[in-house]
Amino acid sequence: DLPRWCANQCRQSQAMASPSGYPGSSPEASPQAVQDNLTPYYASSLARHARDSDMPMPEHGTNPRHCLKMVEDYHLLDFSERLNTSSYVNVVFEPEEEEVAMKGLKVNLADQTVYPESFRLHNDTLNMIAKLWHCPKPDDFDAYGCYAGAGTVGSTEACLLAGLALKFRWRKWYASKHGMDANQVRGVYPNLVISTMFQAAWEKLFKYMDIEPRFVKPSYKTFTIDPKKVAENVDDKTIGVVCIMGNHYGGQYDPVWDVDTVLDQLNKEKGFQVGIHVDAASGGFIAPFQEGLPAWDFRLNNVLSISASGHKFGNSCCGTGWVVWRQRKDLSDQVAINVSYLGGSADSYTLNFSRPAQGIYVQFYKLLRLGRAGYTQQVANQMAVSQFIREGLMAMKTAGGKPVFEILDAVGKSDQKLCLPVVTAMLNPDAGLPYDDIDLQHVIAQGHWYVSGYRMSMHDPLTEESVPLFTDQPGEQAMFRVVVKNNLTMRMAQHLLTEIKTAVEFLTEHGSGFKHRKPVLKKGASRHAC
């Protein structure tokens, strides 16, 4: 009968009140637990329990409908992901896309022997991306069936793999040059040249892989690396130079083409073999669909590897990344290991081993779904919406007729106008406004939009100090950005501009009387995300 079934069910999957206020800590079913299984979540006792700050694992399970509601309560209190203009991560999916993701969720891509066709799908996706970036077809293509590269857990893993490959390639060259054996050369501290516009992935490389960062600070007028300063920082301990195709602060492209020319001359004069890694975390799926850009990819001889986030403008799901090397010899073969204990023999190129295939599945789906024409049209839409927002910001004036904002992105500042679909600005220093960009961020949030404001400073991974990002702006100066993803339509952009204008009017009216109290973050928390 039903009551007996419920009692038995509760003994197996119970969610009952505990002295600490968290359901499920008692080993015996109670009448309340029986009742909770029969009622909707909001009529159950679970709905009146506060979350324990030191939450224990319940002794027994909980009704699946109630579990879903509890997860939904967490999610509901977040910002709306579609109104988050701070993050680059794709958040919209077609129903068919979600079905594909669910299929991939059940596949461990590391097990190539059991899931050979899923790994073939991985290789087919890798090949499409390698050709998108003009990678020359490797001599060993027939033996492997794919270009040198791998799907990764976001672009962070891709950057770490690319950095390691450069380090091992350099180590072999340096040992030969100085007559060192393998143990001796491990004691030499190598360096990597990179702009202060770097993403957090590179800080992990410097810390975890024992590599010295050689930072090149740009001007706030360009946000891009200066090729002449690159040359000043390269020596025989340099494993490579990182060029950023679309920095996450302002969306500008480093002049890879000019850095390539500088390295050509430097390598020839000094007998180096310094190459370029292109960090195209954001630009890897934007730049190929923009006309008028100089060659930035494998068309340049010194470009040895390229990485990108599939989950950003590649429009896959979160946790998808890609790395492609020019060749296996002295590059990807330096990071490959062979795995034979899963019933076969297969090479693995990733730091992470077991991983679900959903990101690869969705990336494959998206490349087929959009094709080159679809991506091109989508990029055109995003750039048009970006320009609309940019012009809307430029049109806002103070009571005295001064511009409220100074546009900082490539369209606003640089000679090279092609960039990511990102609008970056700061409150006009000459306007004398009694509030800053961080205050603006919090007031805009009252209209449901999340716009990221942040200081012009970076965390030095070696000294642990906060230092200015630019040569010509103090670290205390604030700015903000709006990332125009594919879901930010023109209609939504109109609403966003209205909210920004309303926020400016509110802050101007309240003057210095408005002081937003920012919450103190726990150690290790971050105020800024890509």
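**Cysteines and overall architecture**

Cysteine 318 is exposed, its relative accessible area being 59%. The model under discussion is predicted. The points below are grouped by topic.

**Cysteines**
- The structure contains 0 disulfides.
- A disulfide is a covalent bond that links the sulfur atoms of two cysteines.
- For cysteine 318, the closest cysteine sulfur belongs to cysteine 317 and lies 7.8 Å away, which is too far for a bond.
- A disulfide requires the two sulfur atoms to be within 2.5 Å.
- Cysteine 135 counts as buried because its relative accessibility is 7%, and the cut-off for buried is under 20%.

**Arginine 171**
- Arginine 171 is located in helix H7, which spans residues 154-178.
- Although arginine 171 is buried, it has no salt bridge.
- The nearest side chain of opposite charge to arginine 171 is that of aspartate 210, at 7.6 Å, whereas a salt bridge calls for a nitrogen-to-oxygen approach within 4 Å.
- Leaving aside residues up to four places away in sequence, arginine 171 touches Val185 and Arg186.

**The chain as a whole**
- The secondary structure of the chain consists of 15 helices and 15 strands.
- The chain has 530 residues, of which 54% count as buried.
- Of the contacts between residues at least 6 apart in sequence, 70% join residues at least 24 apart.

Note on methods: Residues numbered from 1 in each chain as written. Predicted model: local features only at pLDDT ≥ 70, side-chain atom pairs only at ≥ 80, totals over all residues. Heavy atoms only, no water. Helix = DSSP H or I, 4+ residues; strand = E, 2+ residues; numbered from the N terminus. Buried < 20%, exposed > 50% of the residue type's maximum accessible area, 1.4 Å probe, protein only. Contact = heavy atoms within 4.5 Å. Lys, Arg positive; Asp, Glu negative; His and termini not counted.
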